[in-house]
Structure formats: C-alpha cells, structure tokens
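Reader: I would like to go through this model and ask what stands behind each label. Please set each value against its definition.

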Amino acid sequence: MAEIEEIRRPEDELDDDDDIDDEDVEDETLLERLAGLSEMFPDSMRSGVSGVTSLSVSGSKWLYQFTRRSLWVVSTSFMILVLPVIFETEKAQMEQQQLQQQRQILLGPNAAVSGGMQGGLGGMPLPPGMQPQPR
C-alpha cells in the first residue's frame, strides 16, 4: 500500500511563528503609541498643528459665547417690543368679534353681515340732515 505523507504548507509554518512573535511583543498603551508617532514629525510641524488646534478651540468658544449673547438680546427684545403689540392686536380683534356677535344677537343675522358702523358713535345712525350723499 501506498503511504500517505503529511504535507505541510508554508503558510502553516508562518502561523506557528506568528504565535511565538505575539507572545514576545509587549503591550503598548495608546499614550505610548501617540508619543512614538509624535517623534516622526518635526517640532515646527507639531507646534504649528498645536497652534492651529488651540486657535480653532478658542474661536469655537468665542463663537458659542457670541451666539448665546446674541440670542439673548434678540429674544428679550422680541418679548419686550413685539409681544405687547401682538397681544393688543389680538385683544382688539376679540373685542370686534364680541361686538359683532352682540349686534347679531340684538339686530338679527343680517346686521352683522351688512357691515359695521353706519354712523357716528357706537353704531347709532346719523341724524337725517347729516346722511352721506350718494355719488
């Protein structure tokens, strides 16, 4: 009978070597790796990147503070200057609606539709001599 030989592939030998190498390597911390990478770049480049980073951070902080202050000024100004006008306009509209409802109740449904004030004070008709002349 023919004998069966076990054939080893070159990859199998590499796998065995990798296991041994992994055990020999010390674990590095992230800080140690970053320190090692920083040594690759010249001091001028590192200081330039550091300056740009600090400038970006300070610019972002300034922009945040400016936005906060501007938003505060705009919102308080709106509340003080615009909201009272809106409330008074709404109040006048409500009073007008109530007046139309009262007129409709007292004079009938056609009184509210026929249109507002025909005379002087409070919807009272004008005296006969002061009637508007038709054109």
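Reader: How many salt bridges does a search of the whole structure find?

Author: The search finds 2 salt bridges. The term requires a side-chain nitrogen of Lys or Arg within 4 Å of a carboxyl oxygen of Asp or Glu. The model is predicted, so local features need pLDDT of at least 70 and side-chain atom pairs count only at pLDDT 80 or more, while totals for chains, interfaces and linings use all residues. Residues are numbered from 1 along each chain as its sequence is written, and side-chain values use heavy atoms, with hydrogens and water left out.

Reader: What makes arginine 46 and aspartate 43 a salt bridge?

Author: Their side chains meet at 2.1 Å, N to O, and the limit is 4 Å. Both residues lie in helix 3, 3 residues apart, about one turn of the helix. An α-helix has 3.6 residues a turn, so residues three or four places apart point the same way. The other pair is arginine 33 with glutamate 28, at 3.5 Å, N to O.

Reader: Why is aspartate 43 called exposed, and what is arginine 46 called?

Author: Buried means under 20% relative accessible area, exposed over 50%, and partly exposed in between, with a 1.4 Å probe and protein chains only. Aspartate 43 has 55%, so the residue is exposed. Arginine 46 has 35%, so that residue is partly exposed.

Reader: How do you know that the rings of tryptophan 62 and phenylalanine 66 are stacked?

Author: Rings of Phe, Tyr and Trp (its six-membered ring) pair if their centres lie within 6.5 Å; planes under 30 degrees apart count as stacked, over 60 as edge-to-face and the rest as tilted. A search of the whole structure finds 1 aromatic pair. Its ring centres are 5.4 Å apart and its planes stand at 10°, so the pair is stacked. Tryptophan 62 and phenylalanine 66 both lie in helix 3, 4 residues apart. At 56% relative accessibility tryptophan 62 counts as exposed, whereas phenylalanine 66, at 46%, counts as partly exposed.

Reader: Which residues make the nonpolar surface patch?

Author: The patch of about 730 Å² is made by Leu30, Leu34, Leu37, Met40, Phe41, Met45 and Val49. The elements that give two or more residues to the patch are helix 2 (30-38) and helix 3 (43-81). Helix 2 gives the most, with 3 residues. Patch residues need over 30% relative accessible area and no salt bridge; like charges are joined within 9 Å, and nonpolar side chains (Val, Leu, Ile, Met, Phe, Trp, Tyr) within 5 Å. Areas come from the Shrake-Rupley method with a 1.4 Å probe, and for residues only the protein chains shown count as cover. Methionine 45 lies in helix 3 and counts as partly exposed at 44%.

Reader: What makes the length of helix 4 agree with its number of residues?

Author: The expected span is 1.5 Å times one less than the number of residues. For the 25 residues of helix 4 (residues 83-107) that gives 36 Å, and the end C-alpha atoms are 36 Å apart, so the two agree. Helix 4 is followed by glycine 108, whose phi is positive, near 105°.

Reader: Where in the chain is confidence lowest, and where is it highest?

Author: Confidence here is pLDDT, the predictor's value for each residue, from 0 to 100. The lowest mean is 56, in helix 1 (residues 10-24), and the highest is 96, in helix 3. Where pLDDT is low, the predicted coordinates should not be read in detail.
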